[in-house]
Amino acid sequence: MHCLGSTLLLSLIATTVVAAEQHWSLRPMKRAVVSGENHPVDFFIARKLHEKNLTFSAEADRTTLLRRVTLDLTGLPPSPEAVQAFAQDKGTTDTFFAETVDALLASPHYGERWAQHWLDIIRWAETVGFETNGERTAAWHYRDWVIHALNADLPYDQFIRDQLAGDVTGADAALGFLVSGPANLPGQVGRDEEAMRSARQDELDEVIRTVSQGLFGLTIGCARCHDHKFDPILQSDYYGMQAIFAGLRYGNRRLRGTQNDDWTSQLPTKQKQLVELKAKLETQRAQLKLRKPLADVHSDAFAPVSALATRMNIRATANGSPASLYEFEAWTTDGHNVALASAGAKASASSFALANQTRHFENLTDGSVDRRQAFPWVAAKGGPAWLRVDFAQPATLNHITWHNGSSVPADYTVEVLRPDGEWQTVVHTEDRLPRNDDTRAAGQLTLKNLGAEQTKSLVTLIATLRKTQGELRRLAAGPQIYAASFTAPDTTWLLRRGDPMQRLAKLAPAIPAALGQAEIAPGAPEPQRRLALAAHLTRPDHPLTARVLVNRVWQNHFGTGLVDTPSDFGKMGTAPTHPELLDWLALEFVRQGWSLKKLHRLIVTSRTYRQASRPKTEALRVDADARLLWRFPPRRLEAEAIRDGMLSVSGKLNLKMRGRGFDFFNQRGGLSDYIPNQTFDANGWRRMIYAHKVRMQAVDIFGAFDCPDAGQMKPRRTRSITPVQSLSLLNSPFANRQAVFFAERVKREAGEDAAAQIDLAFRLAFARPPKPSEQQVLQRLAKRYGLEQACRVLFNSSAFLYLQ
């Protein structure tokens, strides 16, 4: 192995990084002076407009303004009562609007709306992705934590600390952040050393991308195989970041809290019950003169016998699944295992599973029993199976040992082939106590000299014992959630071209040099590494953290950020349209205690936000996309707001918060064969953020509205216009059923008067009354085809689908 100094020298010779002028996003933030009595946001926007000979648009009318801010902050349309109260209020618009904003920010629906923006950024989902795409049970705890954190206005610096080190701060669910991305875990695809190393590198790469792009807007992942082509990030910076997370593991972890404490308090009672049941079972075993049950690693002894081969005939497994063993050993009287491929033994079997095909039967004799790296032999199907091992030369055996795989042999015999060519049975499993996990019915068990009632009593006792053991394991493990867990950090290596098999030098945990220094000792304990990173990112003067966050908030209020590459503040990203405003907002955000709600309030109460969205010909020639904000940029609502809005207007929205999500598909995980559910019960009428999120599967109907599938990070959604959107929303069973419910609500609340019905339908869908021409057209449509068809038209109108 090369020494560290020579290796780094070779690395520097191979990859030279040329120092360049510091990029704008890495320079210190500067707080410009805001002069006059203008709103700070308006001060900066007006100055840029003045440079282009543009002016603000007039303020939007009260109804439009209320609908805009309500949908923007909560993702739900305002009620007719709220619209009427705002329209009729005699006070100033400023006062009433400020009070409305406060009420919306205090609503639990605010967290549901804005949590989705965050989940897009980190491509959170409840399946693993890649080849298996299996379900991540209990991953929803992280989604609920984000919603709760936003509603509680958890300071953003604490929001970061919890997600990086929730095991230390007491926020276990927040650790779902680190493992939100797709991952094939080591051993999931292959268990040879190269496959295991590659999988480990891939899963840590997902963590680095989540943290770097999500929290400080740099594409550090681009330096995995070489120095970054555009930004001042060395390949050694990448692996220094990797070392911070070298102890991280994907999977379940304990969720501390009141439920955990309650479960822990039940342990002594459950342990006592288990001791009593085991004593009772042992008494029955002795009375019935049965041998002890089989273990996961089991040996059968017999009188010494000379053998050329041995064969195990498995008639049944404990759980009924195909026979499976990690290893089969045949031991001689002088203590040698002759059933080893390295000793010349040859294995064969009745069949092998397809997933096991690359190794055939050699798994049985390779000498490996490490379940993290070895594959077991698995028969192709359930039922009887056999395996055989032929020795290189005759051997005198006195016992065999087997290591169970995914199932345990419950009924089997072992034979040896003597030198005279005869097979001799040396082991059989009759008169043996069934294992606790033996799921065969009493009538299937062959217990010699036991009557049916004795067998039934024994199996019932074992079932009770098994249930108690399961309960004890559940209580001892505590409530489980899908989130990052941590062990002692692995050694981190600088890898040549990112190849896990070409290790160059050991690296200590560190942040990219371009961002300064974090206080991380080379041998720092695992949690201290992550805490140091959190402390670095939440420094008030950090050049990226606050800038990136306020830009994300700005983007979700106006459709486009001041920087329109929200997760790339590097050289391949774009420069801000209003750099002074970005810095002022970032510094003010930190000064206000990293409060997101104060930041929202500051932005939406500005004249910039409250402008009308109507176009102006001269302004369009100068700034067609309204990047300079001479008007409020209208945009189509996201898929979630469209679906939630339809349910709200129809009166069927289920406002239940938290918990396991409802299903959009017939299955919650797997690589293929997803069939969309066409209709839903009340549980499926919850807000869309509570849907079980399957990675790489577009949601029926609403997937067409650019709803991301969590295959990639989506810091900014596209807003396409396609025929599929119109066809789906017009013809889908969901949309048509909600249109019927909408019509029923209107009839119930407005009575039988046709004009009153259309008036209420408009107020519910658009937060405004219909124009006379609209009233006439919709009345004629409803009279001819039914009110539900008129409601169907409203759902498909731009006034319903757009934020204006």
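Start by selecting R123, which sits in the loop between α6 (108–121) and α7 (140–151); helices here are DSSP runs of H or I with at least four residues, strands are runs of E with at least two, and both are numbered from the N terminus. You're looking at a predicted model, where local features need pLDDT of at least 70, side-chain atom pairs count only at pLDDT 80 or more, and totals for chains, interfaces and linings use all residues. Residues are numbered from 1 along each chain as its sequence is written, and side-chain values use heavy atoms, with hydrogens and water left out.

Is R123 buried or exposed? R123 is buried, at a relative accessible area of 4%; buried means under 20%, exposed over 50%, and partly exposed in between, with a 1.4 Å probe and protein chains only. Now show its neighbours: leaving aside residues up to four places away in sequence, R123 touches S180, G181, P182, E206, R209, T210, R695, A710, Q712 and M713. Contact here means heavy atoms within 4.5 Å. Zoom in on E206, whose side chain makes a polar contact with the side chain of R123 at 2.6 Å. A polar contact is a pair of N or O atoms within 3.5 Å; within protein, one must be able to donate a hydrogen and the other to accept it, and residues adjacent in sequence count only if both atoms are side-chain atoms. For a sense of distance, pick V34 too: its C-alpha atom is separated from that of R123 by 38 Å, with the two residues 89 apart along the chain.

Next, select M696, in the loop between α18 (639–650) and α19 (723–731). Its phi is near 65 degrees, a positive value in a residue other than glycine. Most residues other than glycine have a negative phi. M696 is partly exposed, with a relative accessible area of 38%. Stay in the loop between α18 and α19 for D706, where phi is near 60 degrees, again positive in a residue that isn't glycine. D706 is buried, with a relative accessible area of 13%.

**Pockets**

Rolling a probe the size of a water molecule over the atoms shows where empty space is left. On a 1 Å grid over the protein atoms alone, a cavity is a set of points where a 1.4 Å probe fits but cannot get out, a pocket is an open set with protein on both sides within 12 Å along at least five of seven lines, and lining residues have an atom within 4 Å of a point. Grid points are joined across faces, edges and corners, and a volume is the space filled by probe spheres set on the points.

Select P186, M196, R200, R249 and D490: of the 22 residues lining the largest pocket, these lie nearest its centre. The space there is about 740 Å³. Which element gives the largest share of this lining? That's α9, with seven residues. Colour the lining by class and you get nine nonpolar, five polar and eight charged residues. Ala, Val, Leu, Ile, Met, Phe, Trp, Tyr, Cys and Pro count as nonpolar, Asp, Glu, Lys and Arg as charged, and the others, Gly among them, as polar.

Move on to the second largest pocket, with about 450 Å³ of space. Pick T70, P77, P78, S79 and A82, the closest to its centre among 24 lining residues. Two or more residues each come from α3 (62–74), α4 (80–88), α5 (93–106) and α18, and α4 has the largest share, five residues. The lining divides into 15 nonpolar, seven polar and two charged residues.

**Cavities**

The whole structure holds seven cavities of 30 Å³ or more. For the largest, about 360 Å³, select H117, D120, N556, E638 and R717, which lie nearest its centre out of 28 lining residues. α6 gives the most to this lining, with six residues. By class there are six nonpolar, seven polar and 15 charged residues.

Then go to the second largest cavity, about 230 Å³, by picking Q116, E640, K693, C707 and P708 from its 19 lining residues. Here too α6 has the largest share, three residues. This lining has 12 nonpolar, three polar and four charged residues.

**Zoom out**

Of its 804 residues, 53% count as buried.
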